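Reader: Hi! Could you walk me through this protein? I'm new to reading structures.
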Amino acid sequence: MRQETIENLAMLLNFLRSYEILSEVRPTNFHLNGKGFIHFHDESDGLWADIFLSKGRIRMPVNTASEQAEVIGTIEPALESLESGAQKRKISKSRTNRGR
């Protein structure tokens, strides 16, 4: 992907990088638990995000700040829920391992 495109996605990429549960496998490709979660691509009709949620693949434009904000609004609830669950599991494991 072109550097200019990556720069245009900076806000959205930084948002995604703030989640420990996501791993960035390439500069515009993020995985969740080893599976594709979101990636971005340039097409002749603009810049797009493919998002993979439990309800299937969602394709959303990400050409403007408002479109990127809409993507964040779409994925943030799922990420918050998953990250919260991951934190609870870490705490539970650390409590379980204390007595060993």
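Author: Happy to; we'll go from the overall fold to a few residues and a pocket. One thing to keep in mind is that this is a predicted model.

Reader: Good to know! How many helices and strands does the protein chain have?
Author: The protein chain has 3 helices and 5 strands. Starting at the N terminus, the order is α-α-β-β-β-β-β-α.

Reader: And what share of the residues is buried?
Author: Of the 100 residues in the protein chain, 34% count as buried. The accessible surface is about 6,400 Å², and carbon and sulfur atoms hold 49% of that.

Reader: Let's pick a residue. Where is Asp 50?
Author: Asp 50 sits in strand β4, which covers residues 46–53.

Reader: Is Asp 50 buried or exposed?
Author: Asp 50 is buried, because its relative accessible area is 7% and the cut-off for buried is under 20%.

Reader: Which side chain does the side chain of Asp 50 make a polar contact with?
Author: That would be His 41, at 2.9 Å. Leaving out residues up to four places away in sequence, Asp 50 also touches others, including Phe 37, Ile 38, Arg 57 and Arg 59.

Reader: Which residues line the largest pocket?
Author: Among them are Leu 32, Lys 35, Phe 37, Phe 52, Ala 78 and Leu 82. By class, the lining has 6 nonpolar, 3 polar and 1 charged residues.

Reader: Which element gives the most to that lining?
Author: Strand β3 does, with 3 residues. At least two residues each come from β3 (35–43), β4 and α3 (65–97).

Reader: Since you mention α3, where is Glu 83, and is it buried or exposed?
Author: Glu 83 is in helix α3. Glu 83 counts as buried, because its relative accessible area is 17% and buried means under 20%.

Reader: What is Glu 83 in contact with, leaving aside its neighbours within four places in sequence?
Author: Glu 83 is then in contact with Tyr 19, Glu 20 and Ile 21. For Ile 21, the backbone nitrogen lies 3.5 Å from a polar atom of the Glu 83 side chain.

Reader: Last one! What share of the contacts with a separation of 6 or more comes from residues 24 or more positions apart?
Author: In the protein chain, such pairs account for 37% of those contacts.

Technical notes:
Residues numbered from 1 in each chain as written. Predicted model: local features only at pLDDT ≥ 70, side-chain atom pairs only at ≥ 80, totals over all residues. Heavy atoms only, no water. Helix = DSSP H or I, 4+ residues; strand = E, 2+ residues; numbered from the N terminus. Buried < 20%, exposed > 50% of the residue type's maximum accessible area, 1.4 Å probe, protein only. Contact = heavy atoms within 4.5 Å. Areas by Shrake-Rupley, 256 points an atom, 1.4 Å probe, with all protein chains shown as cover. Polar contact = N/O pair within 3.5 Å; in protein donor to acceptor, adjacent residues only side chain to side chain. 1 Å grid on protein atoms, 1.4 Å probe; cavity = no way out; pocket = protein on both sides within 12 Å on 5 of 7 lines; lining within 4 Å. Nonpolar A, V, L, I, M, F, W, Y, C, P; charged D, E, K, R; others polar.
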